[in-house]
Each structure stands twice: as structure tokens, then as C-alpha cells.
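The following paragraphs guide a new reader through one structure. Please keep the sequence and the model in view while reading.

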Amino acid sequence: MAEPVAAGRTAAEIQSNADAALEQRRQRRYLVHALLRSPTFMIGTSSVVLWILMALFSTWFTQSPFDVNPMDTLQAPSAAHWLGTDDLGRDVLARTLAGARSVLIVAPLATLLALLMGTTIGLITGFYRGITDEVIMRLVDVLLALPVVITSILILSLLGQSVAIVIVVIGVLFTPLVSRTVRSAVLREREREYVMASRLRGERSWFVMAREILPNITAPIIVEGTVRLGYAVFTAATLSFLGFGLQPPSPDWGLTIASERLFVQLAWWTVIFPAIALASLVVGVNLITDGLGRVFSK
Amino acid sequence: MSDVVNEGIGQTGAPQAAAVDVRDLEVTFHRRGRDLPVLRGVSLRIAAGEAYGLVGESGCGKTTLALAVLRYLAANGTVDRGDILVDGRDVSTLSEEELRKWRGEAVAMVYQDPATALSPAMRIGDQVAEVFRFHQGLNKTAAREGARESLRKVALPDPEATLRRYPFELSGGQQQRVVIAMALAANPRLLILDEPTTGLDATVEAEILDLIEELRGRINAAILLITHNLGLVARLCERVGVLYAGRLVEEGPAREIFTDPRHPYTMGLLRCVPRFGMNKSDAALQTIPGTLPALGEALQGCVYSARCPMAQPVCVRREPDLHAWPGDGGPRARAEAEAAPADPAAWSPHHASPVGEGLRHARCYFSAEVPDMPATTPVLSAPGAVEEGRAGDVLEIDTVRRSFRDGRKKLVAVHDVSLNLKRGETFGLVGESGSGKTTLAKCITGLIAADSGTVSFEGKRLKPTAGRRSQAALRAIQMVFQNPDSTLNPAWSTRAILTRAVRKLDGGSGSSVRAKVDELAADVRVEPRFLLQKPMDLSGGQKQRIAIARAFAGDPTLVVCDEPASALDVSVQASILNLLVELQASEAVSYIFISHDLAVVRYLSDRIGVMYLAELIEVGSAEEVFNPPHHPYTEALLSSIPTLDLDDSHERIPLRGSMPSLSDPPSGCRFHTRCHRILGDICVEQEPPLQEAVTGHTYKCHIPPDELLRAQTEVDPLAESIST
């Protein structure tokens, strides 16, 4: 009738099939190229990758970040100590580079936790709506109304301080934001016709949420994740600056800035380098977010 | 090639007074590192005061042409070649500042969706006045006066009140009037209408067309109408250009081209629109096989050769020129092409579009044979729909009502609708948007629950929501949705989609599922290779075929089709409709077919129901409903369709006012506020009875059938009575 299906495949068909596959591969290659050519993305990525490498390997080639040297306190940058020494005579370069370690453990894990919980909550509230949605979203509103840092301090002083608890606290406090983003994506998606079709097939709710809707809202979840990651770095640093979270003698940036700030007029290098390190990581993460967004929206 | 009209660039010193002169335009888009030619040497001229229609499937480059004329191409689009002159001015030479000024003064464009053309945060008055202030330099009060005057010109009721309103307070038709008012405010030399009525209901569309037609007399602008609706062009335009894959394939006076097309593509387009009054038992719809070449696809010879039922080897050897018709340009060029060495890659030399009153051109070697173009589908169609032996009711709907809450207000979207449906029957549901068609469909399938009333299937009462229905009931009643882009899960492969449907609806496992999926794909004529792909890689028609296959996975008894072909191009629409007819013949399935396109509904349906403001106001066989006596609303609806039949003998019946709100429906007869046959107080005070014209044909009106018949068959019914 209308468009008869040829019994066997013609050469042209096989050709066009191969063309399609080629085209897909070409598009993927193009995207990778576009990312590689995007200065935003590349600067962000190199800065983040650099810090990851430092976190892993910096102690192989620097002096020990923990060796106290009472004879050499607050030395200005020199050949022996490229970035000077701090109030206990520890090498600032070694401590700054090693300081990436704690933040690169805390921030990604906290973000991951927030993504997991936020996505689950967002899926459930967005999908069921009604009273479940009302109750959970009001709770979310309450959580959102709490200032993150003050709440974290409260919880940490109640529960005691450990890296694990810092991760959980940041993760929990970031969950509402993620769940909001996910919920709005789910609300949009659940009205789509393929979701209606799945209901007419008698699919269970969890199937519709996990298999039908979730694969189609990964883009907003990834973007939200990178945004949260930037903030998580920041929050983790703030908490250790305030003395909640990592404890001395950890070379953590926030902690270092806090403990050395007393000497900033005498020895600016003890504070400025960890601060630059922190800023470069946060900016790096944000640049990656921007770069991804720009290339994919083309 | 001498009879290719050589009024080319440079040869005519002073061209005729063309308001728009596009010469040899080539536009390329650059996407993800590739150059995709969209327009390939298009030339056209539009005289001042002339209306030119540009038609073709979506993706042919119609809108790109319009945007290029306005120099509004997206950042990744470039004009590689050619000139665009508007009123003798070369658009490409304008500086940014001149361009801004020129766009405000000399050209105007009306887009498809009026809602997005207006700023939602500004009052209508301020928006319209802005045009006068910025482009004509008027002060505030003068601009305000100008705005008021221009709203009056587009026949908006109560312009004074409209000025103070926000866009969301206006109906779609009123919004489009405002957009047109703004477009005309500066007395443009060129008015571009890009699908100006596509999003509007038939009756509103008719009003806007009347308005454009009337305004044409008063403004001396060239009009470029871009549309896929050939009926619209037939009604509004003097000349028409048919665009295919970025090439103009035929051009000339609209009337001649529509009655006597000389390019196979034009012929194909005309043939695949169901003619009014045609029914599925008469003939299958003609289709255009294949799909539009993808952007950037390498083309050999004639751009249309891959889909052309008349294509010969010579068509691929070299592309034909746009030659004059009548004339011997076609055959002579063909002889030349056959003699020339094969060079499929070479474009034929560029020719400026020949322009002249009454001249026709076609880009085909075989123009002379186009009237005898072979049919693409067998003319014989499916057997008669209902086999009498099985004709029991499969579906009974009894006084179903459904309302929604809108803040404090309660909107009754479906008001006590009852109907029944036989096995193998198609029930067409028509009505304007907001009349409750889709809500009723969702009540039937269980996507939403009815507030009251019952839906019974094969004598058994169904649970109100799909979630509570048995798997057997779900399998029996399936749905095909409107939007091909969201009907399939974009994250799944086509095979996964069908496999899941077969597992849930048909049962079975392993190889039997696989076999069933292959069978379904073959039934809907989707080639196996597309099963590996994601919906994104399929065309709209293919997506809709997969959606149909999904609905048929469990051998349903009833399939509810909610505008399944409305989002598709006419050629694809025809093949989807053919598929539905075919499946019905082989599977004995019943359809509820919802559409706003009356010709399509007429073609497909055995019985038809007309909805107005949540009520079913008329039910009968397709034949009966479309002929007098019928409900006055149906009468008005039918009169409003722009058709290709150019005699235009039917008088259009304009509806008064706009659609009343569902939260506060009119008393008595719901249609009385707009009815042209209103009797008087009885219509306002009493709900009309259900009148029976013949057995099985009922309508809700106070006028008895014989009187209605008399009134509706009078020659010149009510020309005067409604002129106010």
C-alpha cells in the first residue's frame, strides 16, 4: 500500500544505514571537538584535573605538609620554601597542594548524596503530586529557609565532628534544592504522551518513574549536580574555616585560612595561597558547568 | 534552453516595479561543523499589492526564505549568494541602524503563534502604541490614538477596552488580530504571514482570513504567505510558488496551478489532501512516498526525483531548469540533458526567476505528462466498515461528566455526554479547541476519571481510571496521541518501546515477543532497521507509525485517536490515515477519531459527533451530519473551511462573538450567544430537546428538522441578517 517495505534490503538502504551510523559517530566526535575547543570548558577542566592530581600525588614531590619546623616559622617565599612557611614552619606549598585532598573527598561525596536523595524525593513528589507532594515540599521549604552554614554548625556541634558527618550534613542540606529541580523536570515530563501510554499499558508507578521518566531528566540533574558541586566545595571550606569539620593538623584550605589569618599582616603568603587554591577550584567547577551548557545548547 | 525566460539579473536594466525581488538566493546553515544548504538558488518577485503564497512540506525552507528577506536568519545561517531587494533596496547593504529602522517601517511579519509574538507583561495598548512611538516618532497621546485606530481597523470589538487588556485576556483569534494590527501599524511595503492561522480553530481561522482579505484592499503591501495549507493559498493568493528541498519547483497563478499542476510534487500535494465529502470506502488517499531529503543530503539531478512516481533516468542525470509552461522547455531540455555527459553533481546554471503576470514555470522535464501522473496508492480502498454480523455495541458512554477546578471556578469540560460505538466502526469527534474532545477521550481510556456517568465496554462497566482497570480492559482500549515528538520515550529504542508494549499487553516471552514486534513493525510499514534507532532519528510519520503499532500490540478492540495526523505534513498525514483504514479492515478495530480537520474526519468516519462547549450537540452518520438538516453550529463550522475548490460558491457563516467560558456556560441552548438561526427567548431560556432528523441522526436544537432543512437549503440564506 502506502510505502511498501522492500523484501530484501537494497544497496541504497544499507548505504543509508551506514551513513546514519557514520553521522552519529561524526556528531559525537564533533561534540568532543567542540568541548576541546571551548576555552571555558578546557580552563575549567584543567584546573579541576590539576587539583585532583595534586590531591593524589603532591606528596610525592613536595616536602611534608605536616613537618613542623620551629626554627623556620613564617618565612617569606624563598628557594627552600617556594611559597614560604606558616606559623609552625610548615611548607606552604606542600600544605596548599595537599589541601585539595579533603575538599575533593567531602564535596563530591556530599553532592552525590544530595543528588541521590534529591532525585528520589523529586521523582516521588513530582510523580504523585497531591498530598504526598504537599507534605514533602513544605518540609523542603522549611529546610530551604534554614541558612546552610548555621544549620550545619548546629548539627555538627550536636553530632560531633567527623568528615563523614560533614558529608552527610552538606548532602542533606543540599537535597531540597536538588529535589526542587528534579521535581519541576518530572512535572514537565509526566504530562508527556509516552508517560500516558505507559499508564495505558498498566505499568507500575516505580517503573514509570525509574525507567520512563528518569532517563529523560538526566540533563537537568547533571547540570544541577555540577552547580551543587561548586557550592559544596565552598560550604565545606566555610565549615572548616569556622572550625567545624576537619581539624588540625589537616592542611585543608578553609582550616588553614582560619588558623593563619592571625598572621596575615606579618605573613600574607600563609593565607593568600590556600585562598587562591580554593577560588581556582570553585571557578574551575563553574567553568565546566558553563562550557558543557554552551556546547550542548548549540 | 532559449525558452527559459532570460530576464536574468543584469539583463533587464530596470526591473518591473516589484516590491520584493529575491534573486538566486542561497542560504546555508552551519551546524555542528557541517554546511547544510537550505535554499538553493530561489528567485521570486512579488509586486506591490500582490499576494504570493509559498507552499511545501515543513523543512523545505519556506520560513528560512522569509527570515532571509528580513535579514533575521539565526546566527548559524548565512546568505551565500543572491540578492534580496525590497522596494529596490538591497537588504544586505543596510547597516545595523538602517536595518532596525527598515524593519520597523518597511516590513512586518506575523508569526504562527500570536501568544509568543506579544509580550505577556505589557498591556495591549502599550505594545501597539510602541510601534507608533518608536517607528513613527509620535508622542504618547498620538501613539495611543494610533493604537486605538489600528485596533479598530482589524475589527476588534471594543478597541478601547482591548487597549487596557493583557494578552492572556484575549482569545487566540483576538491576539492574532492585535499582531496583525501591529504589523500594519507602520504601513509596511511587505507583509510576511508565516502560517498565520495554523494554531487557530476553523471558525477563527475563517475570521482572520476574512480580515486579511479585507485589509488587502486597503493596504498596498506585497504579501508573502507561507503555509502548508493549500486551501488558504487558493483563497488568498494570486500567485503561488511551490518549494521543495530549497528549490522552487513550480510557480505561477494560484488558480491555474491548483487546477492544472505541472510538477509532480504539486500534483502529489494536491492529491493527498482528502477532498471534501470523500470517504474511506470511496478510495484510499494518495500519498507522496518517501521523505523530504535531510538537510545537507547530497542530491542528484532533480531534487524531487527520489520520490517522483514519474522519474526517469534523465531526471537523475541533470537537474531540469525552471522553464516556462506552456512551452517546449521541458522536452527540449530533456533532450539536451540526455545528450550531455552524465554529471549528476552539477547544478544546472542559475536562472533568475522569470516573472510576469500570468506566466507559469515548472522545473520538470515531463510537465506535459503531469496530469496523467500514476497513482501512488491503489485507488480501491478498504471494504465497507461495519460488518453487519458483528455489529454489536462495544462501547457505551452514559452521561459522562468531568469538571476541572480553576481557582475558585469550576469548569465543566465534558457535560453529560452519551454515545455508543459498534465494533469496527469509526466515530469521528469534531469541535473547536476547548470543546471537550480530548477530555472525553481521556475519560474513555481512563487517563482521567469521570466525575459521574459510566463508560461500559462490551456490556461491562469500566473502572474510571486506567490504574484500576484490569489488564484485559487496558489491552482492549488503547490510544494514539497527537504529538509525534512526545508520544515515544526519547530514551528508548523503537524496538524497546514495542517490546515493552507487547510484553505488557500481549504477554509471551523471548522469541514470540520478538516475532510479534517484527510483525507489528511490518504491519505499520516501518522498516526493520528503524527498530534499532531512537525516536529522535525517526521522521514524524515514522514516530506516529510506531505509536500506532504500540497501540495495536495487544490486538485492541477500540483505539482512541486524538488528532493522530494533525502535526504531520499532508503527504505523511495521508499515509497515516491510509494505515489506520487498513488496520481497521484487517483487525476489525473500532476507532474514536478526534480531529479539527473536518475533511479528514469526514473521510475516515462512519458516524460523527459534534461537540460545542462540553456538550455533544449532534450525532449522526458522516453523510447526515455534513448535509442539511444539521445543527446551526455544524453548519457554521462547515462553512468556515478554506477549500481547494476554487469556485468558492459556499457562503461563509461568521459566528458572532467568541467562545463563552466553560465556567459560566450560556443558559438554555449553549450555542445561542453565537447562533445565526436563533429563534428568540426560547433559545435563551430552555435547554433544547434532542431532535431526530432521521433514525440515528440527532441534534440539540429548538428548530425541528423540516424547518431546519428548509432554512439551510435556501439559496441565499442570511447574507443580510448577520452583516451587523
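What is the order of the strands in the open sheet of eight strands in chain B? The order is β18-β19-β20-β15-β21-β22-β24-β23, and the pairing is mixed. Strands here are DSSP runs of E with at least two residues, helices are runs of H or I with at least four, and both are numbered from the N terminus. Two strands pair if DSSP finds at least two bridges between them.

The model is predicted: local features need pLDDT of at least 70 and side-chain atom pairs count only at pLDDT 80 or more, while totals for chains, interfaces and linings use all residues. Residues are numbered from 1 along each chain as its sequence is written, and chains are lettered from A and ligands numbered from 1 in the order in which they are written.

In the sheet of eight strands, β18 (477–480) and β23 (690–694) of chain B stand at the edges with a single partner strand each, so one side of each has no neighbour in the sheet. Within this sheet, β19 (residues 558–562) and β20 (residues 590–594) of chain B pair in the parallel sense over five bridges, and Val560(B) has Ile592(B) of β20(B) as its bridge partner.

A second open sheet of chain B has four strands in the order β2-β1-β4-β5, with antiparallel pairing. Its edges are β2 (34–47) and β5 (89–90) of chain B; each has a single partner strand, so one side of each is left without a neighbour in the sheet. Strand β1 (residues 18–31) of chain B pairs with β2(B) in the antiparallel sense over 11 bridges, and Val27(B) stands opposite Leu39(B) of β2(B).

Turning to the helices, α7 (residues 172–185) of chain B has 14 residues. 14 of the 14 residues of α7(B) are buried, so this helix is largely enclosed by the rest of the structure; a residue is buried if 20 or more other C-beta atoms, placed from the backbone, lie within 10 Å of its own. Just after α7(B), Asn187(B) takes a positive phi of about 50°.

Finally, the two chains meet: 22 residues of chain A are in contact with 34 residues of chain B, contact meaning that C-beta atoms placed from the backbone lie within 7 Å. On chain A, the elements that give two or more residues to this side are α1 (11–37) and α8 (193–199). The residues of that side divide into 10 nonpolar, four polar and eight charged, where Ala, Val, Leu, Ile, Met, Phe, Trp, Tyr, Cys and Pro count as nonpolar, Asp, Glu, Lys and Arg as charged, and the others, Gly among them, as polar.

Terms used: Expected span 1.5 Å × (residues − 1). Buried ≥ 20, exposed ≤ 12 C-beta atoms within 10 Å, placed from the backbone.
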